[in-house]
Structure formats: structure tokens, C-alpha cells
Amino acid sequence: AAADPMAALTWANTTSIDLPRNLYKAQMQAIVTGFAKHDPAGAFQYVSGLDEGSDRALRFKSRLLNEVIETQIRAGGVEQARATIMQMGDGPLKNSLQRELVKEWAGFDPQSAAAYVRLQGPAASDLTTSLITAWAVHDPAAAADWLQAVSPEDPALEQASTIITREWARYDLAASSAWLNSLPASPHLDHAVATYTARAAHEAPATAMSWAESINHGQLRTNMMQQVATRWQRDDPATFQAYLHQREFSDKQRRLLETAAARPPKPLP
């Protein structure tokens with residue numbers, strides 16, 4: 001396909017009748033990747049003309065278009081990919097490709113990708129999540145700094161803060177904790193706090209329990225407190241018992257924490 005994409009497509013179309021669908025999809029994805037290396041504009045035009053008359057066809061077409069954009073960006077054609085996407089009509093395909101563009105772009109130039117996301121205005125919530133997902137893996141501190149400027153009302157804030165916390169807490173509990181403490185208190189941070197709590201429970205159960213207690217959502221708070229209690233009771237039972245006696249728990253709450261290790265965790269909300 002990289003050498004002669006049209007010949008490859010002709011061959012694929014004449015041999016696809018007897019192929020299992022999964023194999024056909026894999027074959028087409030490989031051909032489109034090669035086509036995009038040879039002629040990204042041509043590959044994009046070809047895939048854009050494919051059928052999207054059913055949900056399954058639309059998903060497959062979206063996957064192939066994403067493959068074209070990924071291949072183009074990895075070859076240094078981020079501006080060309082951006083221009084191509086901007087020429088598309090609004091809709092699910094364009095939204096999907098913008099997310100793919102931002103994710104790939106953020107992998108090597110997050111600041112430019114972030115500037116692009118900011119230019120999209122109120123419609124950028126999905127793009128913010130894609131940006132932070134890629135950025136936080138390499139530099140959670142920088143991703144966190146950028147997120148400070150995002151409106152507290154932005155629906156992307158909850159997932160983005162959770163992603164940053166997950167990546168940052170892998171190797172720096174103190175810095176990720178300080179960042180979470182710097183954010184305005186909000187129920188939207190519950191899942192970020194739960195993510196931090198789960199990580200801190202392995203190294204600092206007393207600190208993790210304080211975080212768990214701060215969660216607003218009742219069931220999530222109970223689940224995380226039980227998770228910390230399970231770890232704490234196993235690693236340092238004396239300190240855990242001292243914690244229980246210092247707190248004014250009801251008999252039911254105390255039993256829940258004391259028997260946490262024997263209870264299967266409830267699904268998170």
C-alpha cells in the first residue's frame with residue numbers, strides 16, 4: 001500500500017468476500033496506513049468516501065480516518081492534518097478526528113496542542129480530556145499547571161484532574177497531594193481524590209484515610225475508607241486501632257472499617 005495504494009485496494013476489494021470480518025478490518029487498516037504514508041491527502045479522501053450508513057460502518061470509517069491522521073502526524077504533518085480536519089463539516093467524525101489530532105500532537109508538542117485546544121472555546125471539553133490524557137503521562141506537573149486556567153464549570157475538569165492525579169501519584173505523592181490541595185473544594189474532584197487515596201494507601205495509610213474522609217459522595221467515601229482500612233489493618237494493626245478509637249464513629253461505621261478486609265468492595269458510582 002505504501003508503494004501502490006490503489007493496486008493494494010483493488011486487490012483487497014477482490015479478495016475480501018471470503019474473509020472473516022475481523023481479518024478484513026485488520027487488512028483494510030494496514031492498507032490505509034500504507035496509503036497514508038504514500039499520500040495522506042489521497043488516503044483521507046478515499047476513506048472519507050466510504051459508507052457510513054450504519055453504526056458499525058460509521059465506527060469503522062472513524063477508525064480508518066483516525067489511522068490516516070495518526071500516520072500523517074507521526075510523519076511530521078500535524079499542520080496538514082489540522083487543516084484537513086478543519087475543512088470537514090461538523091459532526092461525530094470531525095469531533096473524533098480532532099480528539100485524535102490533539103492526543104497525537106500532545107505526545108510530542110503539548111504546548112502547541114494546548115494552544116489549539118484553547119482556541120476551540122466552549123466546545124473543547126472532549127479535546128481537553130484528550131490533551132490531558134496524553135500530556136499527563138509525560139509531564140503531569142505541566143498538565144496540571146495548564147488545567148488551572150480551565151473553568152471550574154468545564155465538564156472536562158473532573159476526568160482531567162483524575163487523569164493527572166493517577167499519573168502524578170505514581171511517583172510523587174507529595175507533589176500530587178499539594179496540587180489537589182490547591183484546587184477549590186468541589187464534588188467534581190471526588191474521583192481525583194479517590195484515585196490519590198488508592199495510591200497513598202500503600203505508603204501512607206493515615207494520610208490516605210484523611211483524603212478518603214474528604215470525599216463528598218457517600219458511597220464512594222465509604223468504599224475508599226474501607227479500601228484504606230483493609231490495607232492499614234494488614235500493615236499496621238496497632239496504629240489502625242488507635243485511629244478507630246480516636247474517631248467518633250457509630251458502631252455500624254466502626255464495624256464496616258474493622259471488617260473491611262472480609263467484605264468485597266461495592267461498585268463505585
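Helices α13 and α14 are roughly antiparallel to each other, a class that takes in angles over 145 degrees, whereas angles under 35 degrees count as roughly parallel, 65 to 115 as roughly perpendicular and the rest as oblique. The model is predicted, so local features need pLDDT of at least 70, side-chain atom pairs count only at pLDDT 80 or more, and totals for chains, interfaces and linings use all residues. Residues are numbered from 1 along each chain as its sequence is written, and side-chain values use heavy atoms, with hydrogens and water left out.

Two packed helices are described by the angle between their axes and the distance between the axes. For α13 and α14 (residues 218-235), the angle is about 170 degrees and the axes lie 9 Å apart. Axes here are lines fitted to C-alpha atoms, for helices over the stretch in contact, and angles run from 0 to 180 degrees between N-to-C directions. Helices (H or I, at least four residues) and strands (E, at least two) are DSSP runs, numbered from the N terminus. On the α13 side, the contact is made by Pro-205, Ala-206, Ala-208, Met-209, Ala-212 and Glu-213. They meet Arg-221, Met-224, Met-225, Val-228, Ala-229 and Trp-232 in α14. Contact means heavy atoms within 4.5 Å. By class, the α13 contact with α14 has ten nonpolar, no polar and two charged residues. In this scheme Ala, Val, Leu, Ile, Met, Phe, Trp, Tyr, Cys and Pro are nonpolar, Asp, Glu, Lys and Arg are charged, and the others, Gly among them, are polar.

The count of salt bridges comes to 13. Each is a side-chain nitrogen of Lys or Arg within 4 Å of a carboxyl oxygen of Asp or Glu. One of them pairs Glu-213 with Arg-247 at 2.6 Å, N to O. This pair links distant parts of the chain, 34 residues apart. Glu-213 sits in α13 (residues 205-213), and Arg-247 in the loop between α15 (237-246) and α16 (251-258). Glu-213 is partly exposed, at 24% relative accessible area. Arg-247 is also partly exposed, at 34%. Buried means under 20% relative accessible area, exposed over 50%, and partly exposed in between (1.4 Å probe, protein chains only).

Other salt bridges lie within single helices. Glu-70 and Arg-74 meet at 3.2 Å, N to O. They are four residues apart in helix α4 (residues 55-74), so about one helical turn separates them. Glu-70 is buried, with a relative accessible area of 13%. Arg-74, in contrast, is exposed at 58%. Salt bridges that share partners join Glu-70, Arg-74 and Glu-104 into one network. In helix α5 (residues 78-86), Arg-82 and Glu-79 are three residues apart, again separated by about one helical turn. Their side chains form a salt bridge of 3.0 Å, N to O. Arg-82 is partly exposed at 27%, and Glu-79 is partly exposed at 41%.

Helix α10 (residues 156-168) holds Arg-166 and Glu-167. A polar contact of 3.1 Å joins their side chains. Such a contact is a pair of N or O atoms within 3.5 Å; within protein, one must be able to donate a hydrogen and the other to accept it, and residues adjacent in sequence count only if both atoms are side-chain atoms. Arg-166 is partly exposed at 37% relative accessibility, whereas Glu-167 is buried at 11%. Leaving aside neighbours within four places in sequence, Glu-167 is in contact with Ala-136 and Val-137. Arg-166 and Tyr-196 are 30 residues apart in sequence but 6.7 Å apart in space, C-alpha to C-alpha.
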